Structures are given as structure tokens and as C-alpha cells.
Amino acid sequence: MDAERGLMRKVARGDQAAFTDLAQRYGGRLLAVAGRLLGSRADAEDAVQRALLQCFAGASAYDSRWAVSTWLYRILTNVCVDELRRRATRTAYDARSTPEALEAVSGNHRPPDAYLDLHRALGRVPREARVLLALRYVDGLSYGELARIRGISINTVKSQLARGKALLREELGKRGAGHE
Amino acid sequence: MNDVVNGAQEQGAKQDKLDRLLADYFRPGAESAGLALKVAAVVRTDRELERLESRLVLEATPRGISLVRTGKTARSATATARKLTEQAREEIHEYLRGQRSFFHVPLDLSEVPDFQRRVLEAARLIPFGEGRPYAWIAERTGHPRAVRAVGTALGRNPVPLLLPCHRVWRSDGGLGEYIFGARVKDRLTALERITPVLEGCTSTRIVCRVGCIHGRHMRPDNRVVFASVTDARSVGYRPCKVCRPAA
């Protein structure tokens, strides 16, 4: 924990090697969150790059009361949520984008078939709850960390997660039992 | 494995199954190699937009900003008009730094001919960070085939930047021409792609449009981006009464 805070201090001084180290430590987990939120591998990489760049540029604003991972996830989810907004308005404008077209877009981050139902069911979960689920399950973040990352109360985190999971259970149940 | 979930099973067992499924689904892959290096390579030293800003000249009437151009010297104006140009400069400054997603300063298009004004009003409807083809504008002005005339009208936009003619692109995906040059259009498009539109303050639980006066003094670690006002409301934020982000 403290080692990582030291790493952030080095990054704040413009230390490129420390930055590379940080990016390597967190790159995989950040990519997993972004990939699951954005669907496409290319968009996920783009989001992680932007988040890391913002982290590098804004490292001097880093407050050591924050865990480095929480700080990074805050920056990354801010980037991803904005990308989701852009996508929503773009889809509304572009009448040609059918569900099939959207599936094709996310094709390069295609989930294995076993997760296809879950992937679709997640699409029915409201955005904020989906973001929380991704953070919760990629890195096992605590309710407190989730609250900090999204700027909400712990009670809201709990109710959002519960609601998201209830919706998932309902959707998965609806799709019928018996798939592999 | 068989995923049959029958009603007789305990709630706890169901939860465990969903938890396991979610954990497997979200498991990170081991594919981050090289990412850090790529990121380091992207750090840019592009000064295109700063150069543009330093050359901007603005004119205003008491009703609003009437001209944004480069290089010329501005006409002397009334005190009200000077105040407006100052405000516009400030807003453009923030916009070009990714700290503003809307303009508040009024525009004065009263000298603009009717067809051109309709073209400009249509361009004004394009949301921040997005683009529409010239034909989209033509349709909205009631002359769907007047695509070329639309291009000309946009090219003579008296108040570029403030009125987003840079959000009108060619239908083949190319960005097309721009009053300040294609390179600037390219930079503006990239800039709007990375500037968020809605941000909430974690200490006040208020969601604002980026650039609202309330957001100006927000600490960086208090900023949370939202995709919509509905999303923000769903987790306990309320929209700002000054910038009115619901609109």
C-alpha cells in the first residue's frame, strides 16, 4: 500500500519509469473493467490510455488518503461513463444501429458462450449499477471503495448492487433454465 | 455444468452461483503488456489550439457576440459589448482546455441572412462531442438537396467555436473543411471526444454541466462523471439549478 503511494509521489514528480511500473501493475485490471463496461477491446484500451494519461498529468493532485487503486478506478470510471454517454446519444441518432450492429461492434471483446446470457442480462441493468458490479467483481472492491469511486454513500452502493443482482437473477431466470 | 435454477433451491445457493458467474465473467485477462509503453508514447506536445486561441479576435454588439475571427483587429465597442467579449474569451479559454462543454455567452446573429441563419441554428443543435453530415443540416433547413449551399453557409459562420459548425462532417466520415483549417477541426473533434459533459460534486451531490460556475472550484478528487441526469439521480445526485443540465 505504502509502496504504491510512494510510486504515485514519483509519478507526480514526472518519473516515467514509476509511471510505467504503475501502468503495468494496474493495466490488466483497468482493462478488464473498461472492457466489460465498453464492450469493445479497442474502446477499452483507448479508455485505459486516457485514464493513465490523466493520472500522469494529474498526479500532483493525488491525495495520499486515497488508495492508489481507488484513485485510478475513479479516473477510469469517469472516462468510461463519459464514453457510455457518448455511445447512448450516438445510438439514438443513428437509426441504423440495430441490436445486431451493436453486437458486431462488441465482437472483438466477445464473451465466451457460457457468459452470453449474463452479457445480455447485464445490458438490462441500469448504467450506474452495472459500473458498480464491474468494479465489485473485477477487483473485489469493498463497499467503501465503491462509494468513494462513484462519489455515493455506502448505502446507495449496497442498494444499487442488490438491485442490479436482482435484475440479473430475474433476466437469467427468464431466459430459461437448461443452457450450458 | 447445468445451470437449472429451480425454485426449491435456497436463495443463498442462488446468490453464490450468480456471484461465481459474475466473478468469472469479470476476471481480468493477462493482456496488459506493452500498454504502458503505448501510453507513454501518446503524451503529446501539440500546441495547435493554443496558437489558435492567441490569434482570436472577437466582436460583439450589446446583444451578443457577432464575430469570431483570427488576425483582424476588433472594432471599438460599447461597454456591454466589451464585457461580452471578455466573457466569451474566458469561455473559449476553458473550452479549449477541456474544462467546458457548453457556451453561456449570447450570440448576435441578427445580421446573418435568413438561409444561413437557419443553417447555423441547425448546427447549434448538434450535441457536444458529436458530428452530423452536411446533408443532415440541409434536411433541417427544408432544402435537402442544398448540401453545397450548407457548406458555404457554414464556411461563413460569423461565430465559429461558439456556434459549433466544426461538428458538421462529410457523410463519408471525413471531417471536411473548416474556417480555421482542417487541422484545427481535427483537434476540436479530438478535444470534444475527451471532454466530459456532466460532472457531479461528491461533497454537494449536485450534478452540473462541465463548465458551470459551480464546478470551477471543485477539487479534482470531488469530480465524478455521469452519463445522464437520470443516472445521477439514481444514485442520489440532483441537477444544478444554475446550469440546468436536464435541458
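In chain B, 56% of the contacts with a separation of 6 or more are between residues 24 or more positions apart; two residues are in contact if their C-beta atoms, placed from the backbone, lie within 7 Å. The model is predicted, so local features need pLDDT of at least 70 and side-chain atom pairs count only at pLDDT 80 or more, while totals for chains, interfaces and linings use all residues. Residues are numbered from 1 along each chain as its sequence is written, and chains are lettered from A and ligands numbered from 1 in the order in which they are written.

Chain B has nine helices and eight strands, where helices (H or I, at least four residues) and strands (E, at least two) are DSSP runs numbered from the N terminus. Of its 247 residues, 36% are buried. A residue is buried if 20 or more other C-beta atoms lie within 10 Å of its own, exposed if 12 or fewer, and partly exposed in between, with C-beta atoms placed from the backbone.

The average pLDDT of chain B is 86, and 85% of the residues score at least 70; pLDDT is the predictor's confidence in each residue, from 0 to 100. Two stretches of chain B fall below 50: residues 1–10 and residues 40–45. Residues 1–10 have eight contacts in the model beyond near neighbours in sequence, and residues 40–45 have six contacts beyond four places in sequence. Where pLDDT is low, the predicted coordinates should not be read in detail. For the complex, the predictor gives an ipTM of 0.82 and a pTM of 0.81.

## Domains

The bounds below come from an automatic or database domain assignment.

| Chain | Domain | Residues |
|---|---|---|
| A | domain 1 | 1–102 |
| A | domain 2 | 111–180 |
| B | domain 1 | 48–96 |
| B | domain 2 | 114–194 |
| B | domain 3 | 198–239 |

In chain A, the contact between the domains takes 11 residues from domain 1 and 10 residues from domain 2. On the domain 1 side, helix 2 (16–38) and helix 4 (68–93) of chain A each supply at least two residues; helix 4 gives the largest share, six residues. In chain B, the centres of domain 2 and domain 3, taken over C-alpha atoms, are 29 Å apart.

A:T70 lies in helix 4 of chain A. A:T70 counts as buried because 20 C-beta neighbours lie inside 10 Å. Apart from residues up to four places away in sequence, A:T70 touches A:E145, A:R148 and A:I149.

## Cores and helix 7

The largest nonpolar core has 73 residues, and A:A34, A:A51, A:L72, A:L76 and A:L135 have the most contacts inside it. Such a core is a set of buried Ala, Val, Leu, Ile, Met, Phe, Trp, Tyr and Cys residues joined through C-beta atoms within 7 Å. Helix 2 of chain A gives the most to this core, with 11 residues. A second, separate core of 32 residues includes B:A81, B:L107, B:V112 and B:A122.

Leaving aside neighbours within four places in sequence, A:L72 is in contact with A:Y26, A:L30, A:A51 and A:C55.

In helix 7 of chain A, 11 of the 13 residues are buried, so the helix is largely enclosed by the rest of the structure. The buried residues of helix 7 include A:E128, A:R130 and A:R136. A:G140, whose phi is positive, near 60 degrees, follows helix 7 of chain A.
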